[in-house]
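The following exercises are to be worked with the sequence and the coordinates at hand. Each task is followed by a solution in steps.

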Amino acid sequence: MALWARRASRWCCLLKVARAAEFPGRLRGGSSTAQACRGFAPQALLPFPSAVLPWRLQAYRSVSVGSCSSPDSAKDGSFPSPQSTLPSPVKQEQAKAETLPDLNAETLYEDWDDVPPSSALEEISEEEAVQIIAEPILPLQSSTLRDYVDHSETLSKLVHLGVDLSQVEKRQKAGQLLLTLDFEKDIRKILLFLKDVGVEDNQLGPFLTKNPYILGEDLAALETRVAYLKSKKFGEAEIAQMVSRAPYLLLFSVERLDNRLGFFKNELGLSVKKTKNLVIRLPRLLTGKLEPVKENLQVCQIELGFQRNEIQQIVFKTPKILTTSKKRLKQTFDYLHNIMGIPHHMLTRFPQVFNSKLLRIKERHMFLKFLGRAQYDPAQPSYISLDQLVSLPDEVFCTEIAKASIKDFEKFLKTL
């Protein structure tokens, strides 16, 4: 509508200019003939081709303004000649009258300030078509975040930060969460908070890969959870270590964190200081499921035969025993106690043996037995501690413990 309004305004201006140039001062008088012609003259002067107006006005281009018939002569359908009806001044200048120039659409378009936009149906050449670069279409649905990286500033910046989107999209509803977040509004404040807590810059990417849900958490709630840990006398370096090693820690409310600390303190009978030390060394105890922990405690007490105070020592020295596989725990104990003859008090003294692979224990024990050096009683000569049995590299174990070469050990393993 705005375009047609500008066209009409331009045509009116052209009409005034044409009338002023063709008949200067002609229609200023009050003669009846001039007044009668005023209603018809603009139509005769319109310079528009038939393509612009629905009626044909080209037939009137050569007709002078004065060639207008009276109402009486039009009643019988006859029109007198132009010369018989024109006033004498008009007749004198009729010879000077010239046909108005034919102003076509191209001329008008050149004068207009706003060039009409090209139509979507306009034909273009093959060369122009080849040069058109189409933007990639944003998929309405996709199973991978890779299709949205080029369209999302948030995803692009997270990739530059080191976040592995291929791992994030495997987590339930994590991809949908990232697509709804704005980096400047929602994510930047969380990143600054994590840096204040103590997460290093090079750890932010891996941290968010493991726990992208923290980006949707309320900042005030996160700060409250950190304040709670500080109230329990956890130092800043200890909190940073716990958060980095257990990315889901800050997703737990203050109530859940308090219940977890109370559980380990009461179940194991540990002091507050030892409980803190336990979760600092293995912070995922606060975020993992409690059922496996309860089962392992029962296995140690009922099936393996450890006393409560022995379990406390084992767990305090080796917290990982609470989260290890129940099957693996029983198999390792069976070999150490029933095959190698290690008593409970020795296992309590060196509980790290439960973290070693059972195959490694078997291979080294059988090699020492083959050499006649499998002596694990500290009261006897040539005593070999369980710590030395499982912690030393093969070269050191062979030369210092087995008193043999590494080639002898490798040759023996081939016979098994």
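**Exercise 1. Helix α15 and its surroundings**

Task: Determine what follows α15, how its span compares with expectation, and which face of the helix is buried.

Solution. 
Step 1. The model is a predicted one. Directly after α15 comes G269, which has a positive phi near 65 degrees.
Step 2. The buried residues of α15 are L257, R260, L261, F263, F264 and L268. Viewed along the axis of α15, these buried residues lie within an arc of 150 degrees and therefore line one face of the helix.
Step 3. E255, N259 and N266 are exposed on the face of α15 turned away from the buried side.
Step 4. The cover over the buried residues of α15 includes α13 (219-231), α16 (272-281), α17 and α18 (308-317).

**Exercise 2. Helix α19, treated likewise**

Task: Describe the span, the two sides and the two ends of α19.

Solution. 
Step 1. Helix α19 (residues 326-339) comprises 14 residues, and the distance from its first C-alpha to its last is 19 Å, close to the expected 20 Å at 1.5 Å a residue.
Step 2. L329, T332, F333, Y335 and L336 are the buried residues of α19. Down the axis of α19 they fall within an arc of 160 degrees, so they line one face of the helix.
Step 3. K327 and I339 are exposed on the other side of α19.
Step 4. Among the elements that cover the buried residues of α19 are α17 (291-303), α20 (344-349) and α21 (358-371).
Step 5. At the start of α19, the backbone nitrogen of K327 has a side-chain oxygen of S325 within 3.4 Å. Just after α19, G341 adopts a positive phi of about 80 degrees.

**Exercise 3. Two individual residues**

Task: Is T154 buried or exposed, and what does T154 touch?

Solution. 
Step 1. T154 belongs to helix α8. Its relative accessibility is 5%, under the 20% limit, and T154 therefore counts as buried.
Step 2. Leaving aside residues up to four places away in sequence, T154 touches L178, L181, D182, F183 and I187. A polar atom of the T154 side chain lies 2.9 Å from the backbone oxygen of L181.
Step 3. D164 sits in the loop between α8 (153-161) and α9 (165-168).
Step 4. D164 and T209 are 45 residues apart along the chain, and their C-alpha atoms are separated by 5.7 Å.

**Exercise 4. The chain as a whole**

Task: Summarise the composition of the chain, and identify where pLDDT stays under 50.

Solution. 
Step 1. The secondary structure consists of 24 helices and 0 strands.
Step 2. Of the 416 residues in the chain, 34% are buried. The chain exposes about 25700 Å², of which carbon and sulfur atoms supply 52%.
Step 3. Of the contacts between residues at least 6 apart in sequence, 67% join residues at least 24 apart.
Step 4. The mean pLDDT of the chain is 78, with 66% of residues reaching 70 or more.
Step 5. Residues 21-101 stay under 50 in pLDDT, and the model has 63 contacts beyond four places in sequence for them. For residues 107-113, where pLDDT also stays under 50, the corresponding count is 8.

Definitions and conventions
Residues are numbered from 1 along each chain as its sequence is written. Side-chain values use heavy atoms; hydrogens and water are left out. Helices (H or I, at least four residues) and strands (E, at least two) are DSSP runs, numbered from the N terminus. The expected span of a helix is 1.5 Å times one less than its number of residues. Buried means under 20% relative accessible area, exposed over 50%, partly exposed in between (1.4 Å probe, protein chains only). The arc is that of the directions from the helix axis to the C-beta atoms. Contact means heavy atoms within 4.5 Å. A polar contact is a pair of N or O atoms within 3.5 Å; within protein, one must be able to donate a hydrogen and the other to accept it, and residues adjacent in sequence count only if both atoms are side-chain atoms. pLDDT is the predictor's confidence in each residue, from 0 to 100. Accessible areas come from the Shrake-Rupley method with a 1.4 Å probe; for residues, only the protein chains shown count as cover.
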